[in-house]
Amino acid sequence: MLTPEHCFTPFQSSIEGIDLPERFTYPFYYQPHELCIIAAQELQSHLLNQTDWQHDFGVAEDGELTSSESKSTGKMFGVLLVRNPQGVLGYLSAFSGKIADQNLLPHFVPPVFDMLSSDSFFRTELGEITEINTQVSQFSANPELQHLRDTLAAQNKQCQAEEQAIRNEHIAARAARKAQRKQAQATLSENELASVLEDLSKQSVADKNQLKYFKLEWDEKIKQTQRAFDALESQLTELKAERKKLSNALQHKLFGQYRFLNAIEETQDLNAIFAPTTNPVPPAGAGECAAPKLLQFAYLHGFTPLAMAEFWWGKSPKSEVRQHKKFYPSCHGKCFPILGHMLKGLEVDPNPLEENWAEDKPLEIIYQDEAMVVVNKPLGYCLFRVKPLPIQLTLVCKNSFRMLKAHL
């Protein structure tokens, strides 16, 4: 069992003379505090030297990436600068998701909810879903199901081909009857013509009946195959529906176990946290990132959070750009709603993206009339921070002004 003492790391490096941060880190846009950088470097040294577990990050003994083309995968790590209950300054460490197929490793804080524990409901209920998955795979691979599917396709194709052949014959016969009718009208007596027309009419009715009975025969043949196919397909559909039902129930139950604290001792689970968002169903892996793990452990065990930083260690994944040892903000999709709850009660740095860098800087007006204002926007001014004006605002550079004026 991981205790607070196992997870808390006092600084091994000298930190004398380094001021503490005034506020907690705004996790979605930040420059890491100097103490967090030192903590990250110490954690990276631990990753190079520990022997408790093994994972191929694609990192050599000197801490740099290898040139190997192995199936190495990097991982996001986080450090949380804290004071422990005794007032000692140090840090907590965490990783996102799992490493070496484990989520409980020495030196690192545990997950918010350990779904992999032997007594967890997750394993049992996932086993039921896995069993249904096996049945779905077996039904999907049933040769009889595939045979009936192929038979249906072949019957429909044959029916269409034979029907088209019959229709082509009927078109030719209809043209021949039309020619006979025209010739008979020109050459035969009234009684002979009536007999010929009656015979031609019977031929037309016979053609229609042939097509009618042909379609009835094939419809029944196809329906028999379809009924046999539907009987098997319905079992597969029912299994898939049951799998979806159990999966959704397990997912909702699992999300309910991820209960997050904040600095004012409020608790919310993932379902409640994501309910008011535009995507009320939490994404897969929500709550497994480093930052929520760190804050949760700190709140549970009386540590005072001071600052945080997250960095990538190892080979970059194919799905996104991640550079070895570089610091990154917390993710928006999963962490933004969670940390929005968990940071309540902490004094947090303001969001730098909300700062209006050009608030006190004048804008040079190049042209103005009743309908339009043309200004020179210097480099570094944010277009989205220009205060709204009661008339249309157009921003152009000086070099384009003459071109614009020519069209006025």
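Axes here are lines fitted to C-alpha atoms, for helices over the stretch in contact, and angles run from 0 to 180 degrees between N-to-C directions. Contact means heavy atoms within 4.5 Å.

**Ground rules.** I am working on a predicted model, where local features need pLDDT of at least 70, side-chain atom pairs count only at pLDDT 80 or more, and totals for chains, interfaces and linings use all residues. Residues are numbered from 1 along each chain as its sequence is written, and side-chain values use heavy atoms, with hydrogens and water left out.

**Helix 7.** I took elements as DSSP runs numbered from the N terminus: helices are H or I with at least four residues, strands are E with at least two. I looked up how helix 7 sits, and found that it lies across strand 2, strand 3 and strand 6, at about 135° to strand 3. Next I checked burial (buried is under 20% relative accessible area, exposed over 50%, partly exposed in between, with a 1.4 Å probe and protein chains only). After helix 7 I noted Gly302, with a positive phi near 80°.

**Core.** I then went for nonpolar cores, meaning sets of buried Ala, Val, Leu, Ile, Met, Phe, Trp, Tyr and Cys residues joined through side-chain atoms within 4.5 Å. The largest has 41 residues, and Leu80 and Leu92 have the most contacts inside it. Helix 7 gives this core its largest share, seven residues. I listed what Leu80 touches beyond four places in sequence: the set includes Leu92, Leu294, Leu295 and Ala298. A second, separate core holds 26 residues, including Ala40, Val79, Ile99 and Phe108.

**Sheet.** Strands pair if DSSP finds at least two bridges between them. I traced an open, antiparallel sheet of five strands, ordered 1-3-2-6-7. Strand 1 (8–10) and strand 7 (327–328) are the edges; each has a single partner strand, so one side of each lacks a neighbour in the sheet. Seven bridges join antiparallel strands 2 and 3, and I noted Leu89 in strand 3 as the bridge partner of Arg83.

**Glu233.** I finished in helix 5 (residues 190–257), where Glu233 is found. Glu233 is partly exposed, because its relative accessibility is 23%.
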